[in-house]
There are 2 protein chains.
Amino acid sequence: MLWTSGWRLASAAANSGCLGLIGAASMYPDILLEHIQKCKKATNKPFGVNVPLLYPDLEEVMKIIVDEGVKIVFVSAGNPKTWTPFFKEKGITVVHVVGSVKFALKAQEAGVDAVVAEGFEAGGHNGREETTTMCLIPMVKKEVKIPLIAAGGIATGRSMLAAMTLGADGVQVGTRFVASEEASVHPNFKQRIITSQEGDTVLTLKKLVPVRLLRNEFYKKVQAAEDRGASTEELQHILGRARAKKGMFEGDMEEGELEIGQIAAAVREIKPVKDIVDEIIAEFLLAQKEAGSYNF
Amino acid sequence: MLWTSGWRLASAAANSGCLGLIGAASMYPDILLEHIQKCKKATNKPFGVNVPLLYPDLEEVMKIIVDEGVKIVFVSAGNPKTWTPFFKEKGITVVHVVGSVKFALKAQEAGVDAVVAEGFEAGGHNGREETTTMCLIPMVKKEVKIPLIAAGGIATGRSMLAAMTLGADGVQVGTRFVASEEASVHPNFKQRIITSQEGDTVLTLKKLVPVRLLRNEFYKKVQAAEDRGASTEELQHILGRARAKKGMFEGDMEEGELEIGQIAAAVREIKPVKDIVDEIIAEFLLAQKEAGSYNF
């Protein structure tokens, strides 16, 4: 999660019993190095790094991951064939993030260890098929043999159990952790999330790479351009550079790009990561008991 | 379900242990009367009628429902205040179909007995917020006190249990029954469903009333018009009249409007309703056992 998941969030998640991930998307290589080193000092539990393949400096990033002994890499937004052999050769576990059955199969063929299947409701970059978590998980489960991690709309123990009932082996939680004390996003953004309402996020920029974000002035400009049939060049110009940084890290709630999932509308409190994880587990255990009690 | 759910499907569902619904949307009043009377002959179990409030002849339709002694009405696409008092006065159970928390609350305030909360993945008319079933069900559950029926993406026992884990008291299954032997849609449409692929449905006509349908020549015309920023009048002209009939009932797979849910891509066989229901229940019971066995 760009601008969100630095060493504080990743190590807090790891120390709470999750697999914490450092989001490399918003980090220059030297910053990533610093975060990995700080994360190692803050936890002795396993953690990973998420690398979207559409950013520059990839070779330098991969070298840092290997040199620092990171054992797990989540890869998104790119061809799984490009880097999987490199990671496997180094003994690193590779997980690919996909938004469709087609890409899940491609990732499996490329030799990844697991896939994250991410539904339409997820924040940030998203699949073109717009398949929701409820539809995507059973379809991926039917086709792939490797472990399947569900993402998109999962912020509670109930949704975790629902995703596993649909066929997932585990879940990836994003949005809920953006509203954590340890997330490195600007306080304005955390506040915006916990006061957001249903319908406040939208999947947009479909002519470029579809992305789910909160509606604001920046979004209105994009929408107006799309409504008049703007070209990809014009949309690229409106998007400009560093929009996500402006919003998520610097706190400009109107001109920034605010990537977040649809479930933000159900997140009402900023909490420490450990409390969030404990609540998810407690609710999961309760939902398990309830699930056994439904009778026809 | 327009052009789908006549007396054959509704009575078969009722006889299989579900609440079968006759879809009045595609029926003139005299046809609806015929279907209700045939349904009563074909089953002694309860069944209901679904009435979208955006069609004409509503008073005549409501009179038939009352005169024929129909005890359960599902209402969609309209203000819950308009007809709820009428039904309640006659002792009829009223359920409203909604796509958002906001409309669920409005329906509850109007005195309906239950709501169907229908996610973005559902076929046909759909909410403007684009909230998916995974996000919508917990949010509606948190706000409303009346019984909650989940819809959108539910075609199997696993997805039924997942929806109930999210907070639903029951589920409404649409798409799976369109590919049943008893559905009155054209065989071409059933065949198109069981050969459809992920990404084949899309939510479109957002400037009019958002509707999920299968991509075909008709959809391409709509999409091309939307891409160039067409007005609602132009879109209305492209849509024209009786598009759904042309596709779903008459079997024109290119020029017709083919309303169906995203989960169509996971439906691979046309079966009798009873077999579909038996499979859903068997899988639900299996998924219940599995749900109890996940350990941390």
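Q: Which residues count as positive and which as negative, and how far apart are the mean positions of the charges of chain A?
A: Lys and Arg count as positive, Asp and Glu as negative. The model is predicted. Chain A carries 35 positive and 37 negative charges. The distance between their mean positions is 2 Å.

Q: How many helices and strands does chain A have, and why is chain A called as compact as a globular protein of that length?
A: Chain A has 13 helices and 10 strands. For 296 residues the globule rule gives 19 Å, and the radius of gyration is close to that, so chain A is as compact as a globular protein of that length. The radius of gyration is 18 Å.

Q: What box do the C-alpha atoms of chain A fill?
A: The box is taken along the principal axes. Its dimensions are roughly 55 × 50 × 35 Å.

Q: What percentage of the residues in chain A is buried?
A: A residue is buried when its relative accessible area is under 20%. Chain A has 296 residues. The buried share is 58%.

Q: What part of the accessible surface of chain A belongs to carbon and sulfur atoms?
A: The accessible surface comes to about 12,200 Å². Carbon and sulfur atoms contribute 53%.

Q: Which are the edge strands of the open sheet of three strands in chain A?
A: The strand order in this sheet is S6-S10-S9, with antiparallel pairing. An edge strand here pairs on one side only. That applies to S6 (124-125) and S9 (201-204) of chain A.

Q: Which residue stands opposite Gly124(A)?
A: Two bridges join S6(A) to S10 (residues 211-214) of chain A, and the two strands run antiparallel. Gly124(A) faces a residue in S10(A). That residue is Arg212(A).

Q: Do S3 and S4 of chain A pair in the parallel or the antiparallel sense?
A: Strands of a sheet can pair either way, through backbone hydrogen bonds. S3 (residues 72-76) and S4 of chain A share four bridges. Val73(A) stands opposite Val94(A) in S4(A). The sense of the pairing is parallel.

Q: How many residues of strand S4 of chain A are buried?
A: S4 spans residues 93-98 and is mostly covered. Of its six residues, the buried ones number five.

Q: Which helices of chain B do the buried residues of H6(A) pack against?
A: The buried residues of H6 (residues 133-143) of chain A include Met134(A), Leu136(A) and Val140(A). Within chain A, they pack against helices H5 (101-109) and H7 (157-165) and strands S5 (114-118) and S7 (148-151). In chain B, the partners are H6 (133-143) and H7 (157-165).

How values were computed. Residues numbered from 1 in each chain as written. Chains lettered and ligands numbered in written order. Predicted model: local features only at pLDDT ≥ 70, side-chain atom pairs only at ≥ 80, totals over all residues. Heavy atoms only, no water. Rg over C-alpha atoms; globule rule 2.2 N^0.38 Å. Buried < 20%, exposed > 50% of the residue type's maximum accessible area, 1.4 Å probe, protein only. Areas by Shrake-Rupley, 256 points an atom, 1.4 Å probe, with all protein chains shown as cover. Charge placed at Lys NZ, Arg CZ, Asp CG, Glu CD. Pairing = 2+ DSSP bridges. Contact = heavy atoms within 4.5 Å.
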